[in-house]
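This report describes the pockets and the aromatic rings of one protein model. Please look at the structure first.

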Amino acid sequence: MTEGTTTAAAEGGDTLTRLEQEGEIAADYLEGLLDIADLDGDIDMDVEADRASVSIVSESARDLQKLVGRDGEVLEALQELTRLAVHRETGDRSRLMLDIGGFRAKKREELAVLGAKAADDVKASGEPLKLAPMTPFERKVVHDAVAAAGLRSESEGEEPQRFVVVLPA
């Protein structure tokens, strides 16, 4: 191995270690939250696409629905609070992703289908297509699906009314 390869491998290991530490801090924070709310749930940690990923799962999805809220609003707020808890401990900004009861995983699948369908519609019509306003997470999934279909997309507008525009080739 050359010196550059060794350095790159060490940096990759450092990144993984840092992301695993983020996951541990987030898990501790979320376990405390579950205790306070008197909710049962197991916490799974992983590293996906260069970000820590933490999931709360339970046999009783009904209990966890309280932590998801309408259209994932509570989930989004808990994710931000968890990121702040990680930031407080590490001093670094976190891009941690939180999923509760599989809500975000299911949403990702639905959005990937939406992005692929929008790309097909734009290919057929040759006209740009504006989608409904979405959260940053939702827009990212749609952008990825559009890119996988071989087209370009852009985000336009101001939060919370920011939306994806799928562009013809």
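A charge counts as sitting over a ring if NZ of Lys or CZ of Arg is within 6 Å of the ring centre and within 35 degrees of the ring normal. In this predicted model, Arg104 meets that definition: Arg104 lies over the face of Phe137, at 4.6 Å from the ring centre. Pairs between aromatic rings are absent, as a search of the whole structure finds zero of them.

Phe137 also belongs to the lining of the largest pocket, where Arg51, Met97, Arg108, Phe137 and Lys140 are the closest to the centre among 16 lining residues. Two elements, helix H3 (73-90) and helix H5 (136-148), each give two or more residues to this lining. H5 has the largest share, with five residues.

The second largest pocket is lined by Arg70, Asp71, Gly72, Glu73, Glu76, Phe103, Lys107, Thr135 and Glu138. Here H3 and helix H4 (103-125) each supply at least two residues.

| Pocket | Volume | Nonpolar lining residues | Polar lining residues | Charged lining residues |
|---|---|---|---|---|
| Largest pocket | about 480 Å³ | five nonpolar | one polar | ten charged |
| Second largest pocket | about 200 Å³ | one nonpolar | two polar | six charged |

Charged residues number ten in the lining of the largest pocket and six in the lining of the second largest pocket.

Definitions and conventions. Residues numbered from 1 in each chain as written. Predicted model: local features only at pLDDT ≥ 70, side-chain atom pairs only at ≥ 80, totals over all residues. Heavy atoms only, no water. Phe/Tyr/Trp six-rings, centres within 6.5 Å; stacked < 30°, edge-to-face > 60°. 1 Å grid on protein atoms, 1.4 Å probe; cavity = no way out; pocket = protein on both sides within 12 Å on 5 of 7 lines; lining within 4 Å. Points joined across faces, edges and corners; volume = space filled by probe spheres on them. Helix = DSSP H or I, 4+ residues; strand = E, 2+ residues; numbered from the N terminus. Nonpolar A, V, L, I, M, F, W, Y, C, P; charged D, E, K, R; others polar.
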